[in-house]
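Open the model in your viewer and show it as a cartoon.

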Amino acid sequence: MMRLYYARGACSLASHITLEEAGADYQAVRLNTAEGEQRSPAYLAVNPKGRVPALVTDRGVLTETPAILAFLAQTHPQAKLAPTEPWAFAQAQAFNSYLCSTLHVAHAHRHRGARWADDPAALAEMTRKVPETVAACFQLVEDSMPEGPYVLGDAYSICDPYLFTMSDWMEGDGVDPRRFPKVHAHRERVRARPAVSKVLAEEAA
Ligand SMILES: N[C@@H](CCC(=O)N[C@@H](CS)C(=O)NCC(=O)O)C(=O)O
């Protein structure tokens, strides 16, 4: 059985939803990141990066959301969570890599500025710019998104729970979701999926 380490409200939600959508055999273990559990010696022995998500598999521990999502899609092909044709799969990876390397990093400047600076003025400046930089990322997603219903078009894929996870952070980042009608509609469509409701209820409990 796989084991997912996650935290409430974190990017690990995308992996949690994907485990559920895949019908995977897994156990979800919650870490309280506000209390610093991700830096406990016990967890650092699982994931030396001190972050969630971490997926413990029979092959070893996997980290980084795009890698976890692709692994789950490929190990649960019956769930059809990613295209198999190489170019189409690369498009999915490009989308998820953008969320991971650019949108998530822009969002992290709100509360995690200490990763990059110590000067209080620099930290305040990083936080101040978050609504602008996060909105610029969502503008790019909005402009490149097909009419839907999903990120890749007709078929639900590993891109959808990841975009859902990030777009659910919008209000907290000071971005009005009504500026991005396709992303906003996508968020509510994904929220209505049974697997998503189930995981959200479990993480909120
Ligand atoms: N690139 C990683 C980012 C992981 C990450 O930054 N996770 C955050 C939660 S969204 C975390 O664990 N933060 C705790 C900390 O920084 O101490 C991924 O996409 O999986």
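Helices (H or I, at least four residues) and strands (E, at least two) are DSSP runs, numbered from the N terminus. With that in hand, colour by secondary structure. From the N terminus on, the order is β-α-β-α-β-β-α-α-α-α-α-α. That makes eight helices and four strands in the chain. The radius of gyration, taken over C-alpha atoms, is 17 Å, close to the 17 Å of the globule rule (2.2 Å times the number of residues to the power 0.38) for 205 residues, so the chain is as compact as a globular protein of that length. Now switch to the C-alpha trace. Along its principal axes it spans about 50 × 45 × 35 Å.

Two notes before zooming in. The model is predicted: local features need pLDDT of at least 70, side-chain atom pairs count only at pLDDT 80 or more, and totals for chains, interfaces and linings use all residues. Residues are numbered from 1 along each chain as its sequence is written, and side-chain values use heavy atoms, with hydrogens and water left out.

Which side chains make polar contacts, pairs of N or O atoms within 3.5 Å, with an oxygen atom of the ligand? Pick Gln 38, at 2.7 Å. Then take Thr 65, at 2.9 Å. Taken alone the ligand exposes 510 Å² (Shrake-Rupley method, 1.4 Å probe), and the protein buries 88% of that.

Next, the backbone. Pro 53 is in the loop between helix H2 (41-46) and strand E3 (54-57).

Move on to Glu 64, in the loop between strand E4 (60-63) and helix H3 (65-75). Its phi is positive, about 80°, although Glu 64 is not a glycine.

Last stop: Gly 148 and Pro 149. A cis peptide bond joins them, with omega about 15°. Pro 149 lies between helix H5 (120-144) and helix H6 (159-167), in the loop.

How values were computed: A polar contact is a pair of N or O atoms within 3.5 Å; within protein, one must be able to donate a hydrogen and the other to accept it, and residues adjacent in sequence count only if both atoms are side-chain atoms.
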